[in-house]
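Thank you all for making the time this morning.

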Amino acid sequence: MRFEVDAPADLAALDCNCSICTMTGFRHLIVPASRFRLLSGEQALSDYRFNTGIARHLFCHHCGVKSFYVPRSHPDGYSVNVHCLDPGTVRTVQIALFDDGDRDAATEALAHLSRD
């Protein structure tokens with residue numbers, strides 16, 4: 001699977017403290033849908049939804065990696081795992097906490113990230 005993201009080399013990413021993100025080490029780069037392009041491998045993606053069904057957790061059904069997904073907090077964009085970006089494309093990463101314990105406030109503070 002190959003994808004592109006329009007993003008600067010100096011990234012601002014989120015570290016969500018929910019159980020899934022904590023266990024998988026997912027670091028979120030949230031971008032508007034217009035700044036994300038799936039170049040190949042769509043047929044290899046499996047879609048998993050739970051709870052509200054809004055988030056589209058997309059996994060490679062060959063290797064099990066979740067490189068990106070449509071988050072419940074930003075359904076108008078994509079959350080890309082910073083760990084899955086090509087080496088050499090990222091210079092620095094500033095990490096901020098996304099507190100899943102206060103999801104509404106955390107989501108509202110970051111609503112602008114998935115808008116053009």
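Predicted model: local features only at pLDDT ≥ 70, side-chain atom pairs only at ≥ 80, totals over all residues.

Let me begin with Leu29, whose bridge partner in β8 is Val80. The bridge between Leu29 and Val80 belongs to a pairing of β3 with β8, which runs in the antiparallel sense over five bridges.

How many of the residues of β3 are buried? Five of the five are, so β3 is largely enclosed by the rest of the structure. As a general point, side chains in a regular strand alternate between the two faces of the sheet. In β3, His28, Ile30 and Pro32 point one way, while Leu29 and Val31 point the other way, and all of these residues are buried.

Now let me turn to the partner on the other strand. Which residues does Val80 touch, once those up to four places away in sequence are set aside? The contacts of Val80 are Phe3, Val5, Phe26, Arg27, His28, Leu29, Phe36, Ser67, Phe68 and Leu85.

Several of those names come back when we look at the largest nonpolar core, which has 14 residues. The members that touch the most other members are Phe3, Leu29, Phe36, Phe68, Tyr78, Val80 and Leu85. Two or more residues of this core come from each of β2 (10–16), β3 (28–32), β7 (68–70) and β8 (77–81). Apart from this core lies another one, of 10 residues, and among them are Leu14, Cys18, Cys21 and Ala106.

Between β7 and β8 there is a loop, and Ser73 lies in it. Is Ser73 buried or exposed? With a relative accessible area of 15%, Ser73 is buried, because the cut-off for that class is under 20%. The side chain of Ser73 makes a polar contact with the side chain of His74, at 2.7 Å. If we leave aside the neighbours within four places in sequence, Ser73 is in contact with Phe98, Arg103 and Thr107.

Asn51 is found in the loop between β5 (45–48) and β6 (56–60), and at 66% relative accessibility Asn51 counts as exposed.

Let me move on to the charged side chains. A search of the whole structure finds eight salt bridges, and I will describe some of them. In one of them the side chains of Glu4 and Arg37 meet, at 3.0 Å from N to O. This pair links distant parts of the chain, with Glu4 in strand β1 (residues 2–5) and Arg37 in strand β4 (residues 36–40), 33 residues apart. Glu4 counts as partly exposed at 36% relative accessibility, and Arg37 is also partly exposed, at 31%. Glu4 and Arg37 are linked with Asp6 in a network of salt bridges.

Elsewhere, Asp47 takes part in a salt bridge with Arg49, where the closest N and O atoms are 3.4 Å apart. Asp47 also meets Arg56 through their side chains in a salt bridge, at 3.0 Å from N to O. As for accessibility, Asp47 is partly exposed with a relative accessible area of 39%, Arg49 is partly exposed at 43%, and Arg56 is partly exposed at 27%.

Finally, let me step back to the chain as a whole. It has two helices and nine strands, and from the N terminus on the elements run β-β-α-β-β-β-β-β-β-β-α. The radius of gyration is 13 Å, close to the 13 Å that the globule rule gives for 116 residues, so the chain is as compact as a globular protein of that length. Taken along the principal axes, the C-alpha atoms fill a box of roughly 35 × 35 × 30 Å.

Two percentages complete the overview. Buried residues make up 36% of the 116 residues in the chain. Among the contacts in the chain with a separation of 6 or more, residues 24 or more positions apart account for 61%.

Definitions and conventions:
Residues numbered from 1 in each chain as written. Heavy atoms only, no water. Core = buried A, V, L, I, M, F, W, Y, C linked by side-chain atoms within 4.5 Å. Buried < 20%, exposed > 50% of the residue type's maximum accessible area, 1.4 Å probe, protein only. Helix = DSSP H or I, 4+ residues; strand = E, 2+ residues; numbered from the N terminus. Contact = heavy atoms within 4.5 Å. Polar contact = N/O pair within 3.5 Å; in protein donor to acceptor, adjacent residues only side chain to side chain. Pairing = 2+ DSSP bridges. Salt bridge = Lys/Arg side-chain N within 4 Å of Asp/Glu carboxyl O. Rg over C-alpha atoms; globule rule 2.2 N^0.38 Å.
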